[in-house]
Amino acid sequence: MLMQLILASSSPRRQQLLEQVGIPFKIRKQEVDESVITLKEPARKVEELARLKGNHVTLKDNNEVILSADTVVAYQHHIFEKPKTKEEAYSMIDSLSDSQHDVYTGVMLRSVKKTIVFVEKTAVQFWPISKKDIHTYIDTDEPYDKAGGYGIQSIGAKFVKGIVGDYYNVVGLPISRVVRSLQEFYQ
């Protein structure tokens, strides 16, 4: 049976990644109150947020598979989500300068008959970043809709010295693992 993927997100990056690998999808996003998930451990938090988002989207047909995800940056036991102000963005980038942090993405795939949930972790090392470069960066629009205040796929790429793990996880969706997990819904 041909499955229809339903993306429970309006994230342009997740949409681009699905398009990049040729997976057709429809968007069906529900507004959820993410503040109800108060966990401090990053892997558990993104897992529960992915579940929360995915469980709020209704399956309308037996051949649908809902894909939901959430991404956070974790540095020294602190979770960095999307900064709301220039001050928050500055603080995040300044903290990450010349250090290593982890990016976690929780993913849930759900159909009528099956649910798969997993968390992907990628380590990211930043170069030292000058205060001037941080100020220039936070004056762009980029930091404010991205976990940790940076986008590895755009201007924020200049801060990245190296990564260990899945690059696309840092973008916002570990697409190769998603593709492999989707194959289980065709069996």
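How many salt bridges does the structure hold? The structure holds 14 of them. Keep in mind, everyone, that we're looking at a predicted model. And a quick reminder for anyone new to this: side chains of opposite charge can pair when their charged atoms come close.

Let's visit a few together. Start with Arg 13 and Asp 145, whose side chains form a salt bridge at 3.5 Å, N to O. Arg 13 sits in helix α1, while Asp 145 is in the loop between α4 and β7, so this pair ties together parts 132 residues apart in sequence. Is Arg 13 buried or exposed? Its relative accessibility is 14%, and because buried means under 20%, Arg 13 counts as buried. Asp 145, at 31%, is partly exposed.

Next, please find Lys 86 and Asp 139. Their side chains meet in a salt bridge at 2.6 Å, N to O. Here too, distant parts of the chain are linked: Lys 86 belongs to helix α3, Asp 139 to the loop between α4 and β7, and they are 53 residues apart. Lys 86 is partly exposed at 41% relative accessible area, whereas Asp 139 is exposed at 53%.

Lys 131 and Asp 94 make a salt bridge at 3.8 Å, N to O. Lys 131 lies in α4 and Asp 94 in α3, so the contact ties together parts 37 residues apart in sequence. Lys 131 counts as exposed, with 52% relative accessibility, and Asp 94 as partly exposed, with 32%.

One last stop: Arg 44, Glu 47, Glu 48 and Arg 51 are linked in a network of salt bridges.

Methods: Residues numbered from 1 in each chain as written. Predicted model: local features only at pLDDT ≥ 70, side-chain atom pairs only at ≥ 80, totals over all residues. Heavy atoms only, no water. Salt bridge = Lys/Arg side-chain N within 4 Å of Asp/Glu carboxyl O. Helix = DSSP H or I, 4+ residues; strand = E, 2+ residues; numbered from the N terminus. Buried < 20%, exposed > 50% of the residue type's maximum accessible area, 1.4 Å probe, protein only.
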